[in-house]
Structure formats: structure tokens, C-alpha cells
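Please keep the sequence and the coordinates at hand while following the text.

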Amino acid sequence: MQVLKHASAQLLDDRHARSVRAVLATDPVMSCMVAARIENGGLDPWRLGGELWGFSSDPERGRDAQLSGLCFSGANFVPLCGGRSAIRAFADRAACRARCCSSMVGPADQVLALWSRLAECWGPAREERPDQPLLVLAGPPKVAADPLVRAVRPNELDRYLPAAVAMFTEEVGIDPRLPDGGAGYRARVAELIAAGRAFARFEAGEVVFKAEIGAMSSTVGQIQGVWVHPDRRGQGLSAAATAAVVLHLQRLGRVASLYVNAYNQPARAAYRRVGFTQVGCFATVLF
């Protein structure tokens with residue numbers, strides 16, 4: 001009896017750079033998180049902060065094989081693209097090791113198909129978010145930008161940090177300071193500030209709006225961590241403040257993007273006012 005062998009996922013390195021870039025270029029918005037890492041660090045796992053896996057239906061061609069699937073495995077697990085054979089190959093590779101990621105995030109069809117194969121060995125999940133519209137604003141914002149929103153200065157870290165913690169806790173459901181008393185999260189926030197990618201509106205020394213550019217490739221900037229102080233919600237602050245971050249990205253030559261939970265109707269309404277439109281759907285599995 002003939003035994004059918006399935007193509008497996010392979011660990012990619014800098015020798016596969018051309019093929020990887022070709023795949024990423026097919027959807028720069030969807031792939032922004034991974035593309036930004038690769039542009040900054042290449043494909044070497046140590047510099048990349050994780051492994052990039054590829055799938056090809058013609059693996060015999062080696063690095064010249066055309067990739068039909070990509071998946072990043074690091075602190076976040078990000079399946080980017082691939083058909084059923086690629087999903088099976090990525091699941092097989094992932095199932096051979098203990099889960100070390102804090103979330104699985106990416107295109108909804110990829111995440112949900114992969115999670116259905118990994119839930120038994122990687123589960124249970126703390127939360128599943130299957131419907132997160134992926135939004136883009138390529139043109140100018142439809143609302144005037146808030147002139148008081150600006151980049152956070154390094155010496156404002158201690159004033160900015162409580163808002164960042166509040167946002168993370170509210171959005172993700174856990175306090176980011178728990179693992180190590182806050183040292184790691186503080187360092188990550190400080191890094192964003194130093195890179196000029198954290199923005200806020202201060203009133204009387206307190207943050208009433210915050211947002212960050214979580215990932216920035218050569219063409220796309222992904223906004224994350226949008227938060228309005230509870231006392232200021234419902235006053236229309238979010239749309240104008242987000243528009244200010246959009247303008248910053250556009251001055252850098254990037255298209256602005258973000259994704260939002262489908263159930264967060266106030267946020268979705270604010271983004272519509274800014275001019276964002278949906279171009280896809282993400283899903284997230286939180287551990």
C-alpha cells in the first residue's frame with residue numbers, strides 16, 4: 001500500500017528573502033506585523049525574535065520554491081497565509097513543541113483554521129476573538145486632527161505608563177505587570193516612546209488619550225492601544241485624537257491601519273468618523 005506523504009513546513013532564513021518578500025507584498029496591510037520584523041531584522045531567528053515558517057507544494061526546489069504559506073512563531077503566533085495543506089503543515093510543526101506564545105493573531109481564516117487543529121494540545125484558550133475588522137485609511141482623515149495629541153517624550157514615561165497599563169488590562173484582561181512586577185512592560189513602553197511611536201494628549205499632567213504605532217513596515221503603520229480616559233469617553237475625543245496619529249503616519253509615507261473587536265461599537269463608530277474602511281478580518285486567540 002502506498003503511503004501518502006504531506007509536504008511539511010520549513011524554517012526560513014535569509015536565503016529565502018526574495019520569496020518571502022514576494023508573498024508579503026501581496027497584502028502589505030495584512031502582513032504588516034511580520035513584514036516590519038523582517039525589514040528590521042531579516043530572517044535569522046535570533047534577530048527576528050522568532051521563526052518564520054514557509055510552506056511550498058514544491059519543496060524540492062529549495063530556496064527557489066514558490067511559497068504558498070507563511071507563519072511567524074514567536075511571542076505571538078501569526079499565521080499569514082496558506083491553504084489547507086499549509087495549515088496542516090504549520091499545525092504539525094507547532095504541535096511538536098510546547099506553546100510559548102501569548103496569543104495567536106492574524107487573518108481570521110488562518111487563525112481559526114489553525115486553532116481548530118491546535119486547540120487540543122495548546123488549549124484551553126483564555127479568550128477567543130473571532131471577528132476583528134481590519135481597517136485602513138489611505139487618504140486624509142475626515143475629521144480635523146487634535147492639535148494637542150503629540151509624541152510622548154522619554155521623560156514622560158512615568159506619566160504615560162499608568163494609562164498604558166490601564167489600556168492593556170482593559171483590552172487583554174490581565175495586568176501586564178504581573179510576570180515580573182512591571183519591569184518588562186515598562187521597558188517595552190519606554191522603547192516605543194524612544195522610537196517616537198507613542199502618542200498622547202495630556203491634561204493637567206494626566207493622559208486622557210493614548211495610542212501607539214505597534215508595527216511599522218516600509219509601507220504600512222499599524223495603530224494599537226487606542227485608549228481614552230474613562231472620564232472623557234463619549235465626548236468625541238477619540239476620533240480627532242486618532243486622526244492626529246494617522247497624520248503622523250502619513251507624513252512618514254505610511255498607510256494607517258488598525259484592527260478592532262467587532263463588538264466594540266463606540267470604537268468602530270469613531271474610526272468610521274475618521275474615515276477608516278474595512279479591508280479584511282483578523283482573529284485573536286489569547287492564552
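Helix α5 bends by about 45° at serine 116, the bend at a residue being the angle between axes fitted to the seven residues ending there and the seven starting there. Helices (H or I, at least four residues) and strands (E, at least two) are DSSP runs, numbered from the N terminus. This is a predicted model, in which local features need pLDDT of at least 70 and side-chain atom pairs count only at pLDDT 80 or more, while totals for chains, interfaces and linings use all residues. Residues are numbered from 1 along each chain as its sequence is written, and side-chain values use heavy atoms, with hydrogens and water left out.

The helix α5 comprises residues 108-122, 15 residues in total, yet its end C-alpha atoms are only 18 Å apart, short of the 21 Å that a straight helix would reach at 1.5 Å a residue. That expected span is 1.5 Å times one less than the number of residues. Within α5, the buried residues are Ala108, Gln110, Val111, Leu114, Trp115, Leu118 and Trp122. Here buried means under 20% relative accessible area, exposed over 50%, and partly exposed in between (1.4 Å probe, protein chains only). The cover over these buried residues includes β4 (76-81), α4 (84-95), β5 (103-107), β6 and β12 (277-286), where contact means heavy atoms within 4.5 Å. In the loop between α5 and β6 lies proline 124, and a cis peptide bond with omega of about 0° joins glycine 123 to proline 124.

Which order do the strands of the sheet follow? The sheet is open and has 12 strands, arranged as β1-β2-β3-β4-β5-β12-β6-β11-β10-β9-β8-β7 with mixed pairing. Its edge strands are β1 (10-11) and β7 (150-151), each of which pairs on one side only. Strands of a sheet pair through backbone hydrogen bonds, either parallel or antiparallel. Two strands are taken as paired if DSSP finds at least two bridges between them.

Strand β6 illustrates the antiparallel arrangement. With β12, β6 pairs in the antiparallel sense over eight bridges; glutamate 128 has valine 285 as its bridge partner in β12. Strand β6 (residues 127-137) also pairs with β11 (residues 255-259), again in the antiparallel sense, over four bridges. Leucine 135 has leucine 258 as its bridge partner in β11.

Strand β10 (residues 220-228) runs parallel to β11, and three bridges join the two. The bridge partner of valine 220 in β11 is valine 255. From β10 the chain passes through helix α8 (residues 237-251) to β11, a β-α-β crossover that is right-handed. A crossover is called right-handed if, with the strands pointing away from the viewer, the path from the first strand over the helix to the second runs clockwise.

Threonine 242 touches Phe209, Val226, Tyr271, Val274 and Phe276, not counting residues up to four places away in sequence. Serine 238, also found in α8, counts as buried at 15% relative accessibility. With the same exclusion of residues up to four places away in sequence, serine 238 touches Phe209, Val226, Val228 and Ala270. The C-alpha atoms of serine 238 and serine 56 are separated by 44 Å, and the two residues are 182 residues apart along the chain.

Helix α7 (residues 183-194) has 12 residues and reaches 16 Å from its first C-alpha to its last, close to the 16 Å expected at 1.5 Å a residue. Which residues of α7 are buried? They are Tyr185, Val189, Leu192 and Ile193. These residues cover an arc of only 100° around the axis, which puts them on the same side of α7; the arc is that of the directions from the helix axis to the C-beta atoms. An α-helix has 3.6 residues a turn, so residues three or four places apart point the same way. On the other side of α7, Ala183, Glu191 and Ala194 are exposed. What covers the buried residues of α7 includes α6 (157-172), β8 (198-203), β9 (206-216) and β10.

Two backbone details complete this region. Glycine 196, which follows α7, has a positive phi near 75°. Alanine 204, in the loop between β8 and β9, has a positive phi of about 55° although it is not a glycine. At 90% relative accessibility, alanine 204 counts as exposed.
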